[in-house]
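Hello,

Here is the structure you are taking over. My notes on it follow below.

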Amino acid sequence: DGAGAFESRRNHHPRMNSLNLDVSAGQEAPGPAARQTYRPWVSMALSLCVTGIGQFLAGERASGLKWFFGILILQLLMAWTLASPVVPGVYMGVAIGLVAFVCWVWMLVNSWKRIPRLSFLRWLVVVGTFVTVFSLTPILVRTLFQPFKVPTGGMAPTIQGSKHLPDGSTVAGDHVFVEKYAYWFSAPKRGEIVVFRTSGISPELTPGEFFVQRVAGVPGDALSVKQRRLYFDGAPVSEPPSLTSLRFPPMPSARHLVDERETYQVPVNSFFVIGDNTTNSFDSRFFGPVPRGAIIGRVSKVYWPWSRTGNLDRR
């Protein structure tokens with residue numbers, strides 16, 4: 001009983017309790033070490049390279065992915081709107097491009113925040129992501145669309161080539177968009193303007209170049225020229241209007257459709273192409289038909305110079 005009484009008094013002694021509290025208060029509880037971070041400008045610099053990566057590294061992964069895919073979709077939509085004949089003119093594409101640029105600037109401003117320091121392995125991942133995005137985005141766009149500058153006047157007046165003015169200056173030719181997906185699941189049709197590679201077509205063509213011309217005959221067509229008009233299977237062409245309006249003067253140096261007695265049968269899987277400027281066009285009359293595999297796409301619009309922008313099929 002005496003020992004028990006002493007122990008009870010010791011546990012309730014005010015000075016002893018105070019001493020225990022002081023000692024307990026002086027001890028600091030162990031906690032997690034503060035994470036080291038980069039300054040906000042590092043996040044913004046990385047976001048300049050890869051859209052949304054600053055937000056992603058800052059822990060806002062959903063936000064970073066939304067920025068990345070949202071702006072990518074706007075860029076692809078801009079390219080499609082500029083190149084597709086479904087949307088007349090180029091104003092809608094320019095407007096979408098401005099929206100994409102404003103969103104990109106907004107993303108940069110929003111990326112001004114600290115991000116955790118990265119290990120060497122994570123830096124490799126970031127650099128790899130940048131290289132992948134930087135490389136694949138142009139490839140993706142060029143798989144669907146491709147711009148071309150037309151240097152010659154073989155397709156005039158529909159598509160103007162470069163011109164030398166009397167004062168010695170030069171006016172650049174039209175810049176056009178080509179829909180490269182147009183013939184993935186279908187073949188070129190009469191009257192359509194196509195771009196094709198010159199490699200492997202004829203020794204008369206310089207390899208590695210691109211020509212833009214109009215399809216005048218598809219596989220199996222029997223072509224002839226009578227009274228300077230194009231004939232299909234013995235009858236004058238009645239459609240499309242882009243072909244009915246053309247006139248074919250005698251071309252003694254040509255190999256095909258030289259005179260009215262000749263009929264040319266377009267081979268299988270090949271196309272007979274001509275330039276709208278039939279008096280000054282180096283086309284299938286000289287180098288023969290173009291294989292299907294050489295055609296890379298359909299010309300849809302002129303996008304520069306600004307005074308000539310618009311759909312070719314509406315001219």
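Pro-157 sits in the loop between strand S3 (145–149) and strand S4 (163–164); helices (H or I, at least four residues) and strands (E, at least two) are DSSP runs, numbered from the N terminus. The peptide bond leading from Ala-156 to Pro-157 is cis, with omega near 5 degrees.

This is a predicted model, in which local features need pLDDT of at least 70 and side-chain atom pairs count only at pLDDT 80 or more, while totals for chains, interfaces and linings use all residues. Residues are numbered from 1 along each chain as its sequence is written, and side-chain values use heavy atoms, with hydrogens and water left out.

Another cis peptide bond runs from Trp-304 to Pro-305, with omega near 5 degrees. Pro-305 is in the loop between strand S15 (295–304) and strand S16 (310–311).

Arg-228 counts as partly exposed because its relative accessibility is 48% (buried means under 20% relative accessible area, exposed over 50%, partly exposed in between, with a 1.4 Å probe and protein chains only). Asp-233 has a phi of about 50 degrees and lies in the loop between S10 and strand S11 (235–236). At 58% relative accessibility, Asp-233 counts as exposed.

Regards
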